[in-house]
Amino acid sequence: MKRILGTPLSKDAAVGTEVILVNDHMQIEWTRTRSVPWALGHGAWVVSVERRTGGYDLARLFLATKPEEPKA
């Protein structure tokens, strides 16, 4: 997934970062972070995203990059 989707979200991501989320059905969704990442008791890092409850594992989130505008 990393090669196809780009750079994984890091532990120092800011609130409002645009991300690509891979949901439970392996579908891609564009969204934004609602929180800074935090560590769960067993060590996994998660973050809250818009239109979802709970935290999503950082391994399922990638930085969203906009396609470049064509040059005139």
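## Exercises on a predicted model

Lys-11 sits in the loop between α1 (2–5) and β1 (18–22). The model is predicted.

**Exercise 1.** Decide whether Lys-11 is buried or exposed, and list what Lys-11 touches beyond four places in sequence.

*Solution.*
- Step 1. The relative accessibility of Lys-11 is 52%.
- Step 2. The cut-off for exposed is over 50%, so Lys-11 counts as exposed at 52%.
- Step 3. Leaving out residues up to four places away, Lys-11 touches Pro-37, Trp-45 and Leu-58.
- Step 4. Val-47 lies 36 residues from Lys-11 along the chain, with 8.9 Å between the C-alpha atoms.

**Exercise 2.** Find how many salt bridges the whole structure holds, then take each pair in turn.

*Solution.*
- Step 1. The search returns three salt bridges.
- Step 2. Arg-32 pairs with Glu-18 at 3.1 Å, N to O. This pair joins strand β2 (residues 28–32) to strand β1, across 14 residues.
- Step 3. Arg-60 pairs with Asp-24 at 2.7 Å, N to O. Arg-60 is in the loop between β5 (56–57) and β6 (61–63), and Asp-24 is in the loop between β1 and β2, 36 residues apart.
- Step 4. Glu-29 pairs with Arg-52 at 2.4 Å, N to O. Glu-29 belongs to strand β2, while Arg-52 is in the loop between β4 (45–47) and β5, 23 residues apart.

**Exercise 3.** Classify Arg-60 and Asp-24 by relative accessible area.

*Solution.*
- Step 1. Arg-60 has 25%, so Arg-60 is partly exposed.
- Step 2. Asp-24 has 60%, so Asp-24 is exposed.

Definitions and conventions: Residues are numbered from 1 along each chain as its sequence is written. This is a predicted model: local features need pLDDT of at least 70, side-chain atom pairs count only at pLDDT 80 or more; totals for chains, interfaces and linings use all residues. Side-chain values use heavy atoms; hydrogens and water are left out. Helices (H or I, at least four residues) and strands (E, at least two) are DSSP runs, numbered from the N terminus. Buried means under 20% relative accessible area, exposed over 50%, partly exposed in between (1.4 Å probe, protein chains only). Contact means heavy atoms within 4.5 Å. A salt bridge is a side-chain nitrogen of Lys or Arg within 4 Å of a carboxyl oxygen of Asp or Glu.
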